[in-house]
Amino acid sequence: MPSSLSDTTSDKNGVAFGATDVSKVQATQDAAQVNLGPERERKLWRKVDFRLLPMISVMFLFSFMDRGNIGNAKLEGLMTQLHLTGSQFNVALSVFFIPYSLFEFPANVILQFVRPSRWLPGTMFAWGITMTFMGLVKSYPQLVAMRFLLGVTEAGFYPGVVFYLSMWYPKYKLIYRIALFTSAAAAGGAVSGLLAYAIGLMNNVGHLKGWSWIFIIQGLGTIVTCFVGAFVLVDYPDTAKFLSTEEKRFLEQQRTLDIENDGVGTVTQQILSAFADWQVWAMAFLLLSFVAPVYGTTFFLPTILDDFGYDVPISQLLTVPVYMTTTISMITVAHFSDTMKIRFPWIIASELVGLAGYIIQITDASIGVKYFGTFLVVVGIYTGIPCTVGWLANNLQGKYKRAVGGALQVSTANLGGIVASNIFRTQDKPRFILGFTIEIGFLSRIAHARRDGINEAKYAVDLYVI
C-alpha cells in the first residue's frame, strides 16, 4: 500500500456493496477481458453519468441550499422577528457544524451496510423535514435547536456520495464526476439567490415573513426531491438493471487493478488504518483551507453585497452571476485535472485566484472592483475542492478505509465552518477586514505532497466532456 499521496491517477476504486469476495476478483482477472472499444466505452460512461450524476447533483444542490439559505433569510427579516442580537446569529450558524462534523464518520460506516439508494434519499428526507419546520421557529433557542438537527441529518450525505461515486468510477475519471456534483453547491448559491428574491415577495403571506417562506419552500422542495431520488438512484454496478451483462463485466474489470487491496484486512483494521494514515489528515487540513472560506462566503455574501449600498432584492440577485461563473470554473478545471492526471497545480492555482480576490476586498477599491474581487474569491475557493476531495479518494486503498478516510477528511474540514460563522461581525461592517484577513490566512496555507512514481501512461485513456 502506498505511503504517500500520488498526484496521478493510477488504479480503480471499490467493489460491489458488501464484503469483497476475493475468489470473484481472481476469477474476473483470469477471465477473458471485455474490450468494448473506444466508442462503446465512451457511450457506456456517458450512460452511467446520465444515470447517476443528474440526480446526485440535484440532491446536493438542495443540501447546500438548505444549509446556506440562512444567509438569505437574514436579509428577509430573520434577525428582527427573532430578536437576534450580538453574536446570536453567528452561534446559530456555528452549531450546525458540531454534529455535522461528528456524524460524518459513523454515517459512512453505516453506508457500508445500507443500500445507497435508500440511505442517501433517507438522509435527505430527514433534513428536508428539519428545514421545513425551521421556517416555523419563533425564538432564538428554537432556531439553534433546528440548526443542530440540520447538521445531524445532513452529515451522511456528502461523504456518502463521494464514496458512492468511487465505487462506480476509476480514478482517472473520478475527479471530474466529483466536480460535476460538487458544482451543484455553486449552482445552489445562484438558485438560492433567485429563490430568495422571488420568495421575499411572499412576505406576510399567511402571516409569515419572507425568511420563513425561504425555509419552508426549500424544505418542501427537498422532501419532494428525496422521493424522486429513492426511485431513480441505483446502488452498485453489479445490481444495476440498466447495464447489460457485458457492461457490468467491463465496469468490474475497471476496478480489478485495486480490488484485491480492497479486501486486505478486516473492517476494523481498515478503519483504524484510516485514522493512522497521514494522507487523511494532510488532505483534511488542505481541504479545510478551502472549506472555511467557502462557508464564510456562503453565509455572508448576501450581507457583504448588501453593504455595497444596494437594496435587498438587488443584493440577492447579485449573487447569481458569481455562483454561475464558479460552476463553469469547477467543471472546467476538473476536466483538465483528469485529462492531465494532475491535482496539486490546480489546487495551488485555485488558492492564488481566491487570494487575489480577498486582497481586493480588503482594499479601499470602488464597488465595481470589489464586485469583481468577489468573483475571484468564490471561483478560487470553490474550484479547489473537487481536486482536493478526489485526490484523497484516489490514494486510499481498501473499501472501508476509503469510506472512513473520506469522511474524516470532510468532517475535519467542516470544522472550519465554525470559524467562518464567527468572523464576519456586525461591528466590522462594511469592509469586514477581520473576516477577510482570516480567510486569507486559511488560503495562504502551503500544502506539500510528493508523487509516488506510478506510471501514468498505463492509464492514459480518453475523457469526454458531457
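As the model is predicted, local features require pLDDT of at least 70 and side-chain atom pairs count only at pLDDT 80 or more, while totals for chains, interfaces and linings use all residues. Residues are numbered from 1 along each chain as its sequence is written, and side-chain values use heavy atoms, with hydrogens and water left out.

**The chain as a whole**

Let's start with the overall picture. Of the 466 residues in the protein chain, 61% are buried. Buried means under 20% relative accessible area, exposed means over 50%, and partly exposed lies in between (1.4 Å probe, protein chains only). Contacts here are heavy atoms within 4.5 Å. Among contacts between residues at least 6 apart in sequence, 85% join residues at least 24 apart.

Axes are lines fitted to C-alpha atoms, for helices over the stretch in contact, and angles run from 0 to 180 degrees between N-to-C directions.

| Helix pair | Angle | Axis distance |
|---|---|---|
| α6 (residues 116-134) and α7 (residues 140-154) | about 165° | 8 Å |
| α2 (residues 38-68) and α8 (residues 157-166) | about 165° | 11 Å |
| α6 and α10 (residues 210-232) | roughly 165° | within 7 Å |

Angles under 35 degrees count as roughly parallel, over 145 as roughly antiparallel, 65 to 115 as roughly perpendicular, and the rest as oblique. With its angle of about 165° to α7, α6 is roughly antiparallel to that helix. The crossing of α6 and α7 is left-handed, a term for a near helix turned anticlockwise from the far one by less than a right angle (clockwise would be right-handed). On the α6 side the contact involves T123, A126, W127, T130, M131, F133 and M134, and on the α7 side L143, M146, R147, L149, L150, T153 and E154. By class, this contact of α6 with α7 holds 9 nonpolar, 3 polar and 2 charged residues. Here Ala, Val, Leu, Ile, Met, Phe, Trp, Tyr, Cys and Pro count as nonpolar, Asp, Glu, Lys and Arg as charged, and the others, Gly among them, as polar.

Helices α2 and α8 are also roughly antiparallel to each other, and their crossing is left-handed. From α2, the residues L52, L53, I56, M59, F60 and S63 meet F157, Y158, V161, Y164 and L165 of α8. This contact divides into 10 nonpolar, 1 polar and no charged residues.

Helix α6 has a further partner in α10, with the two axes crossing at roughly 165°. That makes α6 roughly antiparallel to α10. The crossing of α6 and α10 is left-handed, and their contact has 15 nonpolar, 8 polar and 1 charged residues.

**Helix α16**

Helix α16 (residues 367-395) has 29 residues and should span 42 Å at 1.5 Å a residue, which agrees with the 44 Å between its end C-alpha atoms. The expected span is 1.5 Å times one less than the number of residues. Mostly covered, α16 has 24 of its 29 residues buried.

P54 sits in helix α2 and is partly exposed, with a relative accessible area of 40%. Its C-alpha atom is separated by 7.8 Å from that of F181, 127 residues apart along the chain.

K429 lies in the loop between α18 (416-420) and α19 (433-443). K429 is partly exposed, at 41% relative accessible area. K429 and T303 are 126 residues apart in sequence, with 9.4 Å from C-alpha to C-alpha.

Note on methods: Helices (H or I, at least four residues) and strands (E, at least two) are DSSP runs, numbered from the N terminus.
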